[in-house]
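Here are a few friendly notes to read alongside the model. Take your time and find each residue as you go.

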Amino acid sequence: MKIVMVGSGYVGLVSGACLADFGHDVTCIDKLEGKIEALKRGEIPIFEPGLADLVKTNAAAGRLSFTTDLSGPVSRADAVFIAVGTPSRRGDGFADLSYVYAAAREIAQALDGYTVIVTKSTVPVGTGDEVERIVRELRPEADFAVVSNPEFLREGAAIEDFKRPDRIVIGTEDLRAQGVMGDVYRPLYLNSAPILNTSRRTAELTKYAANAFLATKITFINEMADLCEQVGANVQDVARGMGLDNRIGSKFLHAGPGYGGSCFPKDTLALIKTAQDYGTPTRIVETVAAVNDQRKRAMGRKVVAACGGSVRDKTIAVLGLTFKPGTDDMRDAPSLSIVTALQDAGARIRAFDPEGMEQAKALLPPEVIYCADAYECVAGADAAVIVTEWNIFRALDLDRVRSLMNAAVLVDLRNVYRAEQVRAKGFTYVDIGRGV
Ligand code: UGA
């Protein structure tokens, strides 16, 4: 099949490379000439495990190509995916759909023969209708269908998630388009991934509902963690006890500093706005978003408390900056709020992250000192804070860490260590929700 991916960002690139790996002929398109030239040379603009190899292999096999020219590939395509960004709009929090609609207009001009236009970007309910209207208006005679096919990839595990999905959601009532989408994902049938055929609007909402529910699960366990600290209970055991109930499930019950990233914060906000617009506010999601925002900054206060009530003129070592391990993505990372809160309280910040420091430099206050590794980071510090659970922070030489620090205080916002283990080394150790 001939497939075009409009937008070679995170979703477009991963989806394009994986579809090429299934044997399809895929063209990835982007407006940024520099990005396309780099991709042609095999340089990947994002950090995602396994992606560079996948791109290289499929490009070498002639199944994956990159170009800034949309019209040629779209005119020959069976399916054209729209995988451009949908950032939160400045000011009102709605998803900014200008890139999606611009892509729709360009695609419309190039259509030739029956083509399925697929929205892969996370888009509010009704966006597919608008894409269809735009294309129909520009090309009344064109033979096409617009399908919603949301993606459920996690950064850091995106290739695995694409190739072994829990489900594939295909939103269209057009049977011909359903057939084309079936062919696109046929290799996955072999892995018996369930295919859910729904209406277009249902598919669009399913994506937001899934992300909002996961964000709710995390926020719920984070509140339980706070309660555990007060009543002397252990949140990890509470999560285990809850998660063994199949109706609840054990995943996404890790208490931490609050969720971040490019999806949950943006998508919860967009869902809240859409629901308000339709006069059916999603009160639970509104609360989740507000509680999570407050939590990130509250983690700064937790560090202050661990330091005896003040961090003025103290040095704090921040271990991990990205919103989670396995990515260089700093968008809405808890570290942004934590570092700012600590700096506002008068602390000097030293920081280390294996992948995210370049991105962090643009977002964190300029006074932050960046270090080459965890040990350099903790040198002379009055407290060390694990903000992101990178594997290299799971096996630190704690004797060495303690000997390098000015005061042996470890705040573990991801519950990476066991309290006894760290306290036995002479640390003051503060974790999340493990009162006992
Ligand atoms: C998320 C969803 O998991 C994907 O299914 C979805 O496709 C994607 O958004 C998207 O909409 O594009 P992602 O943002 O890459 O994926 O990252 P997650 O692994 O979901 O983590 C999000 C945040 O939640 C991180 O800050 C992580 O540290 C936090 N988290 C996650 C917790 O604090 N506790 C948990 O138990 C799980």
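Which of the 131 residues in the largest nonpolar core touch the most other members?

1. They are Val6, Ile316, Leu319 and Val385. A nonpolar core here is a set of buried Ala, Val, Leu, Ile, Met, Phe, Trp, Tyr and Cys residues joined through C-beta atoms within 7 Å. Buried means that 20 or more other C-beta atoms lie within 10 Å of a residue's own, with C-beta atoms placed from the backbone. Domain 1 (2-198) and domain 2 (208-289) both give residues to this core, so it lies between them; the bounds come from an automatic or database domain assignment.

2. A word on the source: this is a predicted model, where local features need pLDDT of at least 70 and side-chain atom pairs count only at pLDDT 80 or more, while totals for chains, interfaces and linings use all residues. Residues are numbered from 1 along each chain as its sequence is written.

3. Look next at Val385, which touches Val303, Ile316, Ala317, Val318, Leu319, Val411 and Leu413, leaving out residues up to four places away in sequence. Touching means C-beta atoms within 7 Å.

4. Now the ligand: 21 residues surround it, and the closest are Glu155, His254, Tyr259, Gly261 and Cys263.

5. Finally, the whole chain: buried residues make up 48% of its 436 residues.

How values were computed: A residue is near a molecule or strand if its C-beta atom, placed from the backbone, lies within 6 Å of it. A residue is buried if 20 or more other C-beta atoms lie within 10 Å of its own, exposed if 12 or fewer, and partly exposed in between; C-beta atoms are placed from the backbone. Two residues are in contact if their C-beta atoms, placed from the backbone, lie within 7 Å.
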